[in-house]
Amino acid sequence: MSCWQTVQDYGLRAIGIGERLLPRSDITLCEQFTLIGSGLIWNVYFGAFALALGFCLSIAVALGKASSNPLLRKPCEWFIYLFRGSPLFIQFFLAYEAFVLLPRNGIEINLLVTQITAETGWLTKAWAGGVIVLFLNTSAYAGEIFYGALRSVPKGDLEAADAYGMTGWSKFRRVTLPSMLRLGWPSYTNEAIFLFHATTLVFFSGFPAWRQQGDALYYAKYLADKTFNPFVPYPIIAGYFILLTLLLIWGFGRVNKRLNRHLTPETRPRLKLRLQLVR
Amino acid sequence: MFEYCADPSLLSDARWMMCYLTSPKHIAFYYSFGTVLGLLAITAPCALLLGFGGAVAARSLFWPLRILGKAYTSMVRGIPDIVFFLFVPIALDQGLEWLRHHAKCSDWTEPVRQGNDFVVCPQAKLPLNSADAWVHDAYSVFLAVLAFSIVFGAFAANVLIGAMNAVPRTQIETAGAYGMTRRQSFWRILVPQMWVYALPGLSNLWQILIKATPLLFLLGIEDIVYWARELGGSKTRTFTYPHPDWRLYYFLVLLVFYLALTNLSERFFQRMMTRLSHGQATLGGEALRKAGKGGAAA
């Protein structure tokens with residue numbers, strides 16, 4: 001069987017397209033590369049969705065935590081504390097068990113005019129449940145990052161905005177938000193990288209891989225167990241993740257450049273490869 | 001534990017709960033909290049040592065060592081840590097068995113890898129088939145600790161390199177001007193001063209380490225996650241203590257445990273930072289001086 005045939009059979013195996021049966025014996029190098037690569041679709045899916053949704057919530061949480069109104073501030077502080085203080089692994093387990101306990105035939109919501117039934121079965125599936133947990137988790141971490149950035153927005157910038165007569169929304173959108181993003185961006189890049197790494201936990205923490213459609217690490221472990229040789233699948237997945245990380249750094253570097261384009265080249269903060277740890 | 005626990009089906013709710021929570025399996029569950037804390041206590045110094053070695057290697061003047069150190073420190077940035085947790089134990093196990101195989105059974109002619117099997121002679125097995133059960137357990141814990149130490153050593157190396165670079169360069173140059181060798185200035189000037197710069201990173205790392213301990217479950221250790229799943233799952237009438245699916249409550253207990261642990265360590269590190277910042281030429285030290293606590297001993 002040629003390698004191209006393998007790619008056609010297993011290239012989209014992780015989303016259920018192609019051969020049903022996974023390779024069992026005489027596993028070739030090509031099959032390993034293809035299967036693990038196809039699993040990467042899930043990692044990118046989890047990471048991209050959680051990151052996109054989490055970006056919006058994290059800004060809201062950061063603003064809430066910086067608010068002077070305790071009714072807004074306290075829930076945000078608790079949210080951040082809860083998700084940053086506990087292991088993601090436990091959060092996955094907890095969320096899965098909670099979703100399983102929801103009534104199987106849906107929750108009946110009584111609106112005054114009609115009855116609607118909210119389906120809950122989909123929450124126990126990895127595609128939804130995994131994204132929800134990752135989304136809340138990254139919102140908390142990024143919220144803390146942006147809160148720190150918000151607190152270090154230069155006072156002069158805000159005074160200048162006042163002097164121009166800006167208030168409320170326009171001041172926030174034109175002055176506060178860009179400065180906040182600019183200052184928090186290097187840490188946020190780091191958070192995004194670790195978020196993509198964390199996506200490998202989904203299928204190891206309760207959420208079952210339906211019809212053996214799993215992520216890259218799921219297939220890497222499958223292959224390592226089948227061939228009893230860890231020295232091939234794990235380096236392959238490592239290589240894939242290094243590429244993914246470099247891609248992320250490149251993309252976030254482009255955004256970083258745009259956020260800092262008003263500064264003189266010497267004062268522009270460089271997005272260094274040496275990242276500080278946030279998690 | 002209590003005498004009246006002999007027949008739980010006759011007990012009232014409160015007593016039933018008492019008996020349930022002190023059953024032998026629950027005692028094992030409580031001990032597993034100790035396993036987690038023990039692992040933390042062993043791993044943290046090992047990782048710090050490995051990290052120190054990695055940081056020194058990455059700054060070495062001898063280029064092969066420098067490349068090795070840099071590869072070690074940067075590997076955790078691109079690769080998810082869980083990949084290492086799955087890879088290191090099995091790779092080490094096979095590596096050690098392979099070495100022992102070549103040392104002890106040199107007359108063995110068959111290849112070690114036969115298709116999908118990894119075959120070594122019986123004398124090379126680690127641990128030996130004849131060994132007690134506790135040796136097998138200890139061996140798997142040892143591999144888990146090693147995997148954790150390697151990964152967190154790489155994280156710690158990152159932190160320590162940053163801290164070493166943060167010590168003002170002029171101090172090293174002054175040491176050189178006084179005639180100290182590279183080794184002397186490293187041990188007498190750099191190492192004593194770097195800790196205050198390293199502490200924020202190391203405290204962060206400690207929090208990450210705490211939050212990584214549930215992954216022990218994936219390495220086949222009977223830790224708190226294992227017991228929470230085991231005990232929480234629904235038990236039918238055939239069990240002594242039948243109950244529905246209680247895993248949610250068990251995991252809530254774990255959540256509270258971890259929240260308390262991270263909260264306690266955060267407070268501890270805050271106090272330590274205050275102590276270390278006394279009299280230091282850093283922002284923190286300056287703030288302490290202004291607050292009027294600068295000169296007084298803590």
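Of the 279 residues of chain A, 41% count as buried, a residue being buried if 20 or more other C-beta atoms, placed from the backbone, lie within 10 Å of its own, exposed if 12 or fewer, and partly exposed in between. The model is predicted, and local features need pLDDT of at least 70, side-chain atom pairs count only at pLDDT 80 or more, and totals for chains, interfaces and linings use all residues. Residues are numbered from 1 along each chain as its sequence is written, while chains are lettered from A and ligands numbered from 1 in the order in which they are written.

Chain A has 9 helices and 2 strands; these are DSSP runs numbered from the N terminus, helices being H or I of at least four residues and strands E of at least two. Along the sequence their pattern is α-α-α-α-β-β-α-α-α-α-α. Where contacts in chain A join residues at least 6 apart in sequence, 72% of them join residues at least 24 apart, a contact meaning that two C-beta atoms, placed from the backbone, lie within 7 Å.

The mean pLDDT, the predictor's confidence in each residue from 0 to 100, is 85 for chain A, and 90% of its residues reach 70 or more. Over residues 273-278 of chain A, pLDDT stays under 50, and the model has 14 contacts beyond four places in sequence for this stretch.

The loop between H8 and H9 of chain A holds Phe228(A). Most residues other than glycine have a negative phi. Phe228(A), although not a glycine, has a positive phi of about 55°. Phe228(A) is partly exposed, because 15 other C-beta atoms lie within 10 Å.

The contact between the chains takes 32 residues from chain A and 34 residues from chain B. On the side of chain A that touches chain B, helix H4 (88-101), helix H8 (216-227) and helix H9 (233-259) each give two or more residues. H4(A) gives the most, with 7 residues. By class, this side of chain A has 20 nonpolar, 8 polar and 4 charged residues; Ala, Val, Leu, Ile, Met, Phe, Trp, Tyr, Cys and Pro count as nonpolar, Asp, Glu, Lys and Arg as charged, and the others, Gly among them, as polar.

Within chain B, the axes of helix H2 (residues 24-58) and helix H7 (residues 182-212) come within 11 Å and cross at roughly 140°. H2(B) is therefore oblique to H7(B). The contact joins Leu40(B), Thr43(B) and Ala44(B) of H2(B) to Trp206(B), Leu209(B) and Ile210(B) of H7(B).

Definitions and conventions. Axes are lines fitted to C-alpha atoms, for helices over the stretch in contact, and angles run from 0 to 180 degrees between N-to-C directions. Angles under 35 degrees count as roughly parallel, over 145 as roughly antiparallel, 65 to 115 as roughly perpendicular and the rest as oblique.
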